[in-house]
Amino acid sequence: MHDLKIDNEYFEHVLLGTKTFEIRKNDRNFNVGDIVILNEWNNTDLSYTGRKIICRITYVTNYEQKQDYVVFSFIKLP
């Protein structure tokens with residue numbers, strides 16, 4: 001399970017279902033099937049809002065990414 005910070009701008013797109021991927025430094029060894037908790041971060045107040053979305057990783061690739069970065073797709077869980 002991975003707890004991740006996500007800016008409120010991007011959180012809204014995940015909430016709406018228009019954003020279904022993340023580009024992240026792979027310092028957590030992301031794998032298909034992993035659970036990710038996206039915690040909304042307010043960049044203005046520099047604090048968590050308390051809202052979160054729980055997701056499951058469905059695909060991971062490092063194709064054409066910076067060194068040590070991956071793209072993973074996910075589905076939201078109820």
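This is a predicted model: local features need pLDDT of at least 70, side-chain atom pairs count only at pLDDT 80 or more; totals for chains, interfaces and linings use all residues.
Q: Why does R24 count as buried?
A: R24 has its place in strand 2. Buried means under 20% relative accessible area, and R24 therefore counts as buried, because its relative accessibility is 16%.

Q: Which residue is the bridge partner of R24 in strand 5?
A: Strand 2 and strand 5 (residues 69–76) run antiparallel and are joined by five bridges. Leaving aside neighbours within four places in sequence, R24 is in contact with several residues, including Y69, V70 and F72. Within strand 5, the bridge partner of R24 is V70.

Q: Is L46 buried or exposed?
A: L46 is found in the loop between strand 3 (35–42) and strand 4 (47–61). Exposed means over 50% relative accessible area, and because L46 has a relative accessibility of 57%, this residue counts as exposed.

Q: How far apart in space are L46 and D7, C-alpha to C-alpha?
A: In sequence, L46 and D7 are 39 residues apart. In space, the C-alpha to C-alpha distance between L46 and D7 is 9.9 Å.

Q: Why is the pair of F30 and F72 tilted, and not stacked or edge-to-face?
A: The count of aromatic pairs comes to three. For F30 and F72 the ring centres are 4.9 Å apart and the planes stand at 40°. Planes under 30 degrees apart count as stacked and those over 60 as edge-to-face, so the pair at 40° is tilted.

Q: Which parts of the chain does the pair of F30 and F72 link?
A: Both F30 and F72 are buried. These two residues lie 42 residues apart, and the pair links the loop between strand 2 and strand 3, which holds F30, with the place of F72, strand 5.

Q: What is the angle between the planes of W41 and Y48?
A: W41 counts as buried at 13% relative accessibility, whereas Y48 is partly exposed at 49%. Their rings form an edge-to-face pair, 4.9 Å centre to centre, and the angle between the planes is 75°.

Terms used
Residues are numbered from 1 along each chain as its sequence is written. Side-chain values use heavy atoms; hydrogens and water are left out. Two strands pair if DSSP finds at least two bridges between them. Helices (H or I, at least four residues) and strands (E, at least two) are DSSP runs, numbered from the N terminus. Buried means under 20% relative accessible area, exposed over 50%, partly exposed in between (1.4 Å probe, protein chains only). Contact means heavy atoms within 4.5 Å. Rings of Phe, Tyr and Trp (its six-membered ring) pair if their centres lie within 6.5 Å; planes under 30 degrees apart count as stacked, over 60 as edge-to-face and the rest as tilted.
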